[in-house]
Amino acid sequence: MPKRKSKQTNSHNKQSPAPGQSETVLIVEDDAHISYVLQFMLGREGFQVVTFDNGLDAGKAIEDVPPPCLVLLDVMLPHEDGIQLLQRIRRKETWNDVPVVMLTARSQEKDVTKALEAGANDYVLKPFRPAELVARIRRLIA
Amino acid sequence: MIYHYISIAYTVISLVLATTLVVRSKHGVLSRFYAFCVVMLALFGASVYVSVHPVEGIPHWLPERIAQFLYALLPFFFLHFMLIFLRKTILVRSTTSIIAIYTTGMASFVLVLLGLIPVPFEAGSSIRISGYIYYLVWMSIYFSIGMALSYAMVGNFGEKRSKPKRTFRFLLVLMLILPTPFTLSLFNAITPRGDGWYVVAALIALTGMVYLVFSHRVVMTTPYQAVRTAVALMNDFIIRTDSHFRIQSVEGAIGSLLGYSPAELQGRPLGDLIKKRDANGHYTAHPFSETMTDTSFDARLLASSGLSVPIVLSVTPFRVAEKIVGFIAVGRDGRDRERADTARFKQEKMFRSLFEENSTPMWLYDREAYAFLAVNRAALTLYGYSISEFLSMDVRDLLVRDGATTAEEPGKADDPGHFSETLEQKHRKRDGSVITISVTRRELEFGGHRTILEMVDDLTEQRRIERAWTDLVTANEFARSIINSSSDMIIAVDMQRRITEFNKAAQRTFGYTRDEVIGQQVDILYAEPERGRPVHESVIRDGQASIQVINRRKSGEVFPSILSASALHDTTGAMIGIMGTSQDISYRQELDRMKSEFISIVSHEIRTPLTSLLASLEILSEAPEDQIAPDLRPLLAIAAESSDVLMRLVNDILDMEKLETGKMVFRNETVHVGSMVKGSITTMQPLGRKHGVSLFLDDRTGDRAIEVDPDRIQQVLHNLLSNAIKFSPAGDCVTVRISDLSGSVRIEVTDHGPGIPEEFRPRVFEKFSQADGNTKKGGTGLGLQICKRIVERLNGSIGFESLPDERTTFFVELPERQDEYAEKKEQANEQPQ
């Protein structure tokens, strides 16, 4: 049974519904805390957030569910890494023009090159500044 | 018709003569060829005869053609003789001669057929005088040379070549006008039917031939003549004496050997000729006795000049009816033999002195009896015996018979063939001391005996070096304990690269015990022995060496080590070996690897929680006023700043690690310095504002392009700028100046802070160095070290100038883009022309 955590995170007091209220962002990140911070941030910005904590479940989702408006992918993931997921996305017809932002560790600079070659639209080095990340996401889905 | 028979007789005699020559000259090539020529000549004569006097049933053209052909071959014969003669002297190659001969022969035949060479005969008895003269010239040359050569061979069995006598040559010419068809024709032409003249000429020629045969002893008529001739042709002489050794007759080369004429010796006793025994007893006068039988001996005979000549004399009694009536003494020139003896004697003397004077002690002994036959001076010196003492012993007397050496009795090997072997023995000298020697022995045939030559190599010198080792290493237990207590491996080898010392640390590291390796080749310690050898060579050359090598433990496991080796000397300063200290650096390499891995894992593991921490704190600090109590805000700021410092520290450590291990990736691209610095300043403005410091840019280059990794240079600039800002007093300014140096761009960051204390200056670029000893400015202590390494990786330089309390300037100089620099240089080079 896939661990699928889907949350509507607009419950915080912030009531500034962003322009694309119904827009969904898919986050694949194995660290629960980072995942939560991202969810919190994006939820506050008015996005629907779907998270996965491993490559296997994320891969299944890519095959089964309709494409989101943006994907945030960590590179290092259990089972199937971010690069492989990215390649899967780019292969799938319905998903292949979804913007993808890679989250990469600063020490793995090689991953950035690999990710861009595999079709990533942008990348953010961890640790990221929340405001900067939101700005990049906004730019990609505008 | 008589001349026809004489003509045939001439031919027959020619054939007999040729056959005799062939027999006498031992079937040499020359004589056989001569015979062949005579046969050809006879055939020629016959065919000419038939062509001049046609015979019923034979077509007249056939003998004519044969005669013409053989006539044409005359130059061929001549040439062949010439070439054979030349081959004897200047070695004309036979293929060359054959080609020349046949070419000439065929050319001659063609010329005859074309009528260009006159033919002396014509069918029907007529003759051309020009053709005859031509024939005569050829024949005389041909015969002269042929006979001369034959004579030279037959008349001399030695190597000397004598010329034919004048009379002999005259007879040869005479032979040419012997009865032949041509002489017949000639006589017919000048005297009508003058048979009488012809007979006279033929008789003269026959007389000449007989004289020729007998006067040159070519044909042997009696055995006595044969012996005489043989003796005459050799350098021997025969003396016939009566039964009282009184000389009766002398034959042979006595004149040339001793200078006597046979007549003057007649009647003298043979003994008078013999030189008597001289003072050294080398030559003996043979006591001729009337009862002696066949005897042969070397003697010196007195020559007429008074000198003596070595002669080998063989004396044989001459009996008639069992009674000795006289003696025949045959003397042979003994000078060659004497020369050979002298040469052999000299050679023997040379070998004897080679043996006698050789610095290697050696001796020769009888294989069966073990008795010494000869011993050289070096052996006498080594053992201290006199020659007579030595020769009175046998080889076994030298041996020290302890358990180890009794089994090595010399000559015990019973193989019938020659052998050669080397073994180590202990010998006792005259004074009783024992020496260790290495004996190389070899079997020799010497005067019919089976003997053994032994050459002795005194190992005492080698023992001395070994003892020096013992003195150096084992005798001094103090040194030994120092060596053993060393945590470094200490290994010493001698000049043959055999291990002589192997301390405890080495035993631990390699897993060998001391006894296992002492005396072994040091190669067993190397995984790649060929990389160990240069150590030895460079120590011999330079006195010391230091190298990283790969060693092999007893278990087979390999490990890297750093080896420092230096030469060992004895008290006289002579090199006796090499001492090496070595450290197993496998743990060090492993440690380095673990450190890198640890740093990378830890940093990564720290960063993951830091990521969420930083992001959460930032979100929190941006929370609306009413959601966080104002007195809690400073705590939030502290948390944010501390985690920021932590993050930078982790990043710096990672960067440092990457720079140190060379894993840092540089993505160089063309960067415009001005724009890049402007960007850096913009990024740093918030920090400046926070410290109340303003930033200024002074670009004097007009945005020059350089080839760098912009991210890395930004990192450097951020570091320098943040340092400058942090150390500037509030309200001050930091200036960034870009200036153009030849071939490089200089970026200066100047602040007016307290400056760098004098004592700290040398350590500014070191790791974790901070002048104030703490991190109150929020630095990690790695920043400048990282800057330095990055700039150096980009082939630039970094430095600073500091005037305390006035200003401090950090500068970075980066090379300009290569192509631009090269262009400029080219332009500079072109200008002077």
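**A first look around**

Author: Let's start with one residue: Gln39(A) counts as buried, because its relative accessibility is 6%, under the 20% cut-off. Keep in mind that this is a predicted model.

Reader: Okay, where in chain A is Gln39(A) placed?

Author: Gln39(A) sits in helix α1, which covers residues 32–44 of chain A. The C-alpha atom of Gln39(A) is 8.0 Å from that of Thr51(A), a residue 12 positions away along the chain.

Reader: And how many helices and strands does chain A have?

Author: Five helices and six strands. Going along the sequence, the order is β-β-α-β-α-β-α-β-α-β-α.

Reader: What share of the 142 residues in chain A is buried?

Author: Buried residues account for 51% of them. Also, of the chain A contacts between residues at least 6 apart in sequence, 66% join residues at least 24 apart. The accessible surface of chain A is about 7100 Å², with 49% of that belonging to carbon and sulfur atoms.

Reader: Switching to how the chains meet: how many residues of chain B are in contact with chain A?

Author: There are 19 residues of chain B in contact with 21 residues of chain A. The two chains bury about 1700 Å² between them, and 57% of this is on carbon and sulfur atoms. Thr611(B), Glu618(B) and Ile619(B) supply 30% of the area that chain B buries against chain A, more than any other three residues.

Reader: Which side chains meet in a salt bridge there?

Author: Glu618(B) pairs with Arg129(A), at 3.6 Å from N to O. The count between chain B and chain A is one salt bridge. Over all chains, the structure holds 34.

Reader: Can you walk me through some of the others?

Author: In chain B, Glu443(B) forms a salt bridge with Arg367(B), and their closest N and O atoms are 1.9 Å apart. Glu443(B) is in strand β9 and Arg367(B) is in the loop between β6 and β7, so this pair ties together parts 76 residues apart in sequence. Both Glu443(B) and Arg367(B) are buried.

Reader: And what about Arg430(B), which residue does it form a salt bridge with?

Author: With Glu389(B), where the closest N and O atoms are 2.7 Å apart. Arg430(B) lies in the loop between β8 and β9, and Glu389(B) in helix α15, so parts 41 residues apart in sequence are tied together. Glu389(B) is partly exposed, with a relative accessible area of 29%.

Reader: Is Glu501(B) buried or exposed?

Author: Glu501(B) is buried, with a relative accessible area of 1%. The side chain of Glu501(B) meets that of Arg514(B) in a salt bridge, at 3.0 Å from N to O.

Reader: Back to chain A: which residues are linked in a network of salt bridges?

Author: Asp122(A), Glu132(A), Arg136(A) and Arg139(A).

Reader: New topic! Which residues make the nonpolar surface patch of about 510 Å²?

Author: Leu43(B), Val55(B), Ile58(B), Trp61(B), Leu62(B) and Ile66(B) make that patch. Helix α3 of chain B gives the most to the patch, with three residues. Trp61(B) lies in this helix α3.

How values were computed: Residues numbered from 1 in each chain as written. Chains lettered and ligands numbered in written order. Predicted model: local features only at pLDDT ≥ 70, side-chain atom pairs only at ≥ 80, totals over all residues. Heavy atoms only, no water. Helix = DSSP H or I, 4+ residues; strand = E, 2+ residues; numbered from the N terminus. Buried < 20%, exposed > 50% of the residue type's maximum accessible area, 1.4 Å probe, protein only. Contact = heavy atoms within 4.5 Å. Areas by Shrake-Rupley, 256 points an atom, 1.4 Å probe, with all protein chains shown as cover. Patch = residues over 30% accessible without salt bridge, like charges linked within 9 Å, V, L, I, M, F, W, Y side chains within 5 Å. Salt bridge = Lys/Arg side-chain N within 4 Å of Asp/Glu carboxyl O. Buried area = accessible area lost by both parts, 1.4 Å probe.
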